[in-house]
Amino acid sequence: MNRTKGDEEEYWNSSKFKAFTFDDEDDELSQVSSMLGFRLHRLKESKRAVNSLRDFVDDDDDDDLERVSWSGEPVGSISWSIKETAGNSGSSHEGREQLKSRNSFSSYAQLPKPTSTYSLSSFFRGRTRPGSFQSLSDALSDTPAKSYAPELGRPKGEYRDYSNDWSPSDTVRRLRKGKVCSLERFRSLQDKLQLLEEAVSMHDGNVITAVLIFLKRTLSKEILFRELEVRQVALRHLIHFLKEIGDQKLLLDLFRFLDRTEELALSHYREHLNIQDPDKRKEFLKTCIGLPFSAEDSAHIQDHYTLLERQIIIEANDRHLESAGQTEIFRKHPRKASILNMPLVTTLFYSCFYHYTEAEGTFSSPVNLKKTFKIPDKQYVLTALAARAKLRAWNDVDALFTTKNWLGYTKKRAPIGFHRVVEILHKNNAPVQILQEYVNLVEDVDTKLNLATKFKCHDVVIDTCRDLKDRQQLLAYRSKVDKGSAEEEKIDALLSSSQIRWKN
């Protein structure tokens, strides 16, 4: 039924039922009984009824609980009682509407029936009485504690129309607090820029980004770029936002407007990540070579293009060899993945694994890759060692570290350090004889002893202790070798020798 505003006020602020107070226990019980419509004959019976929650919640026990009030709900229901209290409390219309939606009869129809007793007045107040009574909210394990008394009216400011009343500063403060605000009311350019300046002054990146999204949607590119050019903080936020969402087109337009040629080139180069076809990606990279990069970046772009070009050739050739089944390396070790779009180091490892012995003139030769891309010696040796050790090609490993001087003498040299060589060899299950050879090449004595002890290179430990004339350390190591082994006999022979002058 439609009512005018005056009728509505009268509707909510008047009732034929008398509101109860909390002056004393007897008055409280009698007024609550009157309000709920119970036909009680004696005060003692009322108190016994109050001590049983079932009498108030279970509507199957008393026919009187089914009488209907003017609100259309059963007289005596908990929902009806709360609304009656709210109707006479003088609270605002908004508070009553929230209370009405929060406290419906259906939400209490499923209440449990505990054995403990409750105070009805405490139930409406939302707190326990002194003594053995406890509030209903405390007894419900699945319902958070709350007060069922009517809420006071909220300030009128809380219900202002967001689209008309909030100023730019108020809007920004509300956005910072995570509240929902409409930005559509800011229609003029001046208002939008003032909103942006307020957001920047708050030093909150989320708020700045939210305002920038609004400006991006409601302003033309030219105006947006022009205004952000003199607002560097907001400009940096917009650039970061566009990179995050991948809006390359608008980002390129922005860099062109700002005349940031190098950033424009880098942003254009990033688009190759979205191209899956190798041939199309290669052609795109070719177009990037002439862009205005820095000298270092230009070399990187050139190398990227050259590497992908090599990978396409190697991939096509190796796929053919593998499918033919006539090459031993591909039969014993089938390829696990394509070489296309792999990094340079991965490509070098692949080349050392499958094409180590190829002539320098071929694109897949490791030496060719090393010279073409100027790979440092340390990186090349480390990668080649890992690949050949994985294949257990120990002769190739030995040749990798063997050098000749101008007199023809051979010498082992490792640009990565022999301690790293030992670690890689052990990781690839190299035999003890090979490990011992390279452990002996470690120059630092403490490092040599630690590696030899760790990898059980007994002869290296025994010989080092002998050279150091360290009797105590040799005695301590004797307990780590197997009894009756050749190593134990060697240690005993050294300890009993009169030709060695031990330090202690």
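Guide: Start with Cys465, which is buried at a relative accessible area of 0%. Buried means under 20% relative accessible area, exposed over 50%, partly exposed in between (1.4 Å probe, protein chains only). Cys457 is buried too, with a relative accessible area of 0%. This is a predicted model: local features need pLDDT of at least 70, side-chain atom pairs count only at pLDDT 80 or more, and totals for chains, interfaces and linings use all residues. Residues are numbered from 1 along each chain as its sequence is written, and side-chain values use heavy atoms, without hydrogens and water.

Visitor: How many disulfides does the rule give?

Guide: A disulfide is a covalent bond between the sulfur atoms of two cysteines. The rule asks for a pair of cysteine sulfur atoms within 2.5 Å. The count here is zero disulfides.

Visitor: What volume does the largest pocket have?

Guide: A pocket is an open set of points on a 1 Å grid over the protein atoms alone, where a 1.4 Å probe fits, with protein on both sides within 12 Å along at least five of seven lines; lining residues have an atom within 4 Å of a point. Volume is the space filled by probe spheres set on the points, which are joined across faces, edges and corners. For the largest pocket it is about 340 Å³.

Visitor: Which residues lie nearest its centre?

Guide: Lys336, Phe349, Tyr350, Phe353 and Tyr354, out of 15 lining residues. Helix 20 (residues 344–354) gives the most to this lining, five residues. Helices are DSSP runs (H or I, at least four residues), numbered from the N terminus.

Visitor: And the second largest pocket?

Guide: Its volume is about 270 Å³. Helix 22 supplies the largest share of the lining, three residues.

Definitions and conventions: Helix = DSSP H or I, 4+ residues; strand = E, 2+ residues; numbered from the N terminus.
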